Amino acid sequence: MEMLGLYLSIPFCRSKCTFCNFASGVFPASYMEQYVARLEADLRAARRCAAEWGAVLPEAVDSVYFGGGTPSLLPGELVRQVMGAIRREFAVLPTAEVTFEAAPAHLADETLAAMAECGVNRVSFGVQSFVDAEAHATGRLHARRDVFADVARVRAAGIEDISIDLLAGLPGQTRASWRESLGVLRETGVGHASVYMLEVDDASKLGAEMLAGGVKYGAGLVPGEDAIVGMYEEAVARLAEMGLAQYEISNFAKEGWQSRHNRKYWERKPYLGVGVDAHSMLRDERGRAMRFATTDELEPYLTVPGWERPEPLSREQELEEAWFLGLRMNEGVELAALRAEFGAAAVAEFEPVIGELAEDGLVTREAGRVALTMRGRLLSNEVFGRFLKEVVEG
């Protein structure tokens, strides 16, 4: 029996980072109670909605993920309220992974106490840089000392599974400052890290400034593409030395500390997203994937909560997803599993593109698996595009 993952979107922030294009922002604190009440309403309605759509909604939950925004801004009583609602509507396994994203220096004692009380056993800190000037330039409100203090507090609360996010390509970042951040990461001793390469979106403050040629957010100080690639490559090597093995394009972990919830996305396992701009994937009675989402604006969500009505994906769309999601993981795609799900003929149509990508040094094909090389991970969008092109033209 498949288990369900739950994603809870918490869109509240103390400040909006210059590079961020997520559906989050600085909203009045008075919205929080109303928002959590809406989350509860959606959790209560989820099983009825799934039945109306012909979707299978597993009752047992083995992962819960609070993302944002900044979930750690929720007061303790609201953490208890929403976790109580989850446990009333779903059977959360005692072994479930329950993750809370947090901003350093924005995790109150009473919120942390409520998290530990409610079964949160994993915390992911959005650090981005351990160089204070770099972090502050992007709108982050913490200093390096805050990260160490909060990691210690979380551990003291009994939560050992801790992840830290870093971002390569921040304005003013250099190879030397990047190495400094990697060195400080080692000192934290955390079991998981995520490393992202800056992708500037036009909807972000930084992206808009790069288009307009302004100077307020440091658009002219963003490192070049080659420099960002070099930072990423160095991170892969340095994290391996720390015992943090890469298991996905942006994710690294010690043995036993991989994110179980995030693996659901790449393995196409069922998950339900609740809240603003929350995405979901369930399957219908025939096993066909159904993807759907909520509005990405807070006030409309508060007025009319819920999801759009989904339609099953075509087999071609599902095969397309199996390739580009599976290839994100270092272990790659198992061809036998694809053949069992989609048929040998459908998979065989990709033999030419696999061969071309292998000749270009972008993928390997070993022991019945196709996986990205390091160069392939750096050019992953190009690789994924080749598989999408194959589906479209095939």
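**Figure 1. A105 sits in the loop between β4 (91–102) and α3 (109–117).** The model shown here and in the other views is predicted. A105 has a positive phi of about 75°, although it is not a glycine. Most residues other than glycine have a negative phi. With a relative accessible area of 41%, A105 is partly exposed.

**Figure 2. D109 and R153 form a salt bridge between their side chains.** The N to O distance is 2.7 Å. D109 belongs to helix α3 and R153 to helix α5 (residues 144–156), so the pair ties together parts that are 44 residues apart in sequence. D109 is exposed, at 59% relative accessible area, whereas R153 is partly exposed, at 23%. By the rule applied here, the count of salt bridges comes to 24.

**Figure 3. R268 lies in the loop between α9 (260–267) and β10.** R268 is not a glycine, yet has a positive phi of about 60°. Its relative accessibility is 10%, and because the cut-off for buried is under 20%, R268 counts as buried. The side chain of R268 meets that of E318 in a salt bridge, at 3.7 Å from N to O. This pair links distant parts of the chain, with E318 in helix α11 (residues 315–326), 50 residues apart from R268. E318 is also buried, with a relative accessible area of 1%. A network of salt bridges links R268, R283, R315, E318 and E341.

**Figure 4. Strand β10 (residues 271–274) is covered on both faces.** Y271 and G273 are buried on one side, and L272 and V274 are buried on the other. Strand β1 (residues 4–10) pairs with β10 in the parallel sense, over 4 bridges. V274 of β10 is the bridge partner of L8.

**Figure 5. L272 and W323 have the most contacts inside the largest nonpolar core.** This core has 100 residues. Helix α1 (residues 31–53) gives the most to it, with 11 residues. Leaving aside neighbours within four places in sequence, L272 is in contact with L4, G5, L6, Y7, A46, L57, F90, H279, S280, F292 and W307. In soluble globular proteins, nonpolar side chains tend to be buried together. Over the chain, 54% of the 394 residues count as buried.

**Figure 6. A cis peptide bond joins G68 and G69.** Its omega is about 10°. Most peptide bonds are trans. G69 is found in the loop between β3 (60–68) and α2 (76–89).

**Figure 7. The side chains of E334 and R369 meet in a salt bridge.** The separation is 3.9 Å, N to O. E334 is partly exposed, with a relative accessible area of 38%. R369 is partly exposed as well, with a relative accessible area of 30%.

**Figure 8. Helix α14 (residues 351–359) has V353, I354 and L357 as its buried residues.** Seen down the axis of α14, these residues fall within an arc of 100°, so they line one face of the helix. An α-helix has 3.6 residues a turn, so residues three or four places apart point the same way. Just after α14, G361 takes a positive phi of about 75°.

Methods. Residues are numbered from 1 along each chain as its sequence is written. This is a predicted model: local features need pLDDT of at least 70, side-chain atom pairs count only at pLDDT 80 or more; totals for chains, interfaces and linings use all residues. Side-chain values use heavy atoms; hydrogens and water are left out. Buried means under 20% relative accessible area, exposed over 50%, partly exposed in between (1.4 Å probe, protein chains only). Helices (H or I, at least four residues) and strands (E, at least two) are DSSP runs, numbered from the N terminus. The arc is that of the directions from the helix axis to the C-beta atoms. A nonpolar core is a set of buried Ala, Val, Leu, Ile, Met, Phe, Trp, Tyr and Cys residues joined through side-chain atoms within 4.5 Å. Contact means heavy atoms within 4.5 Å. Two strands pair if DSSP finds at least two bridges between them. A salt bridge is a side-chain nitrogen of Lys or Arg within 4 Å of a carboxyl oxygen of Asp or Glu.
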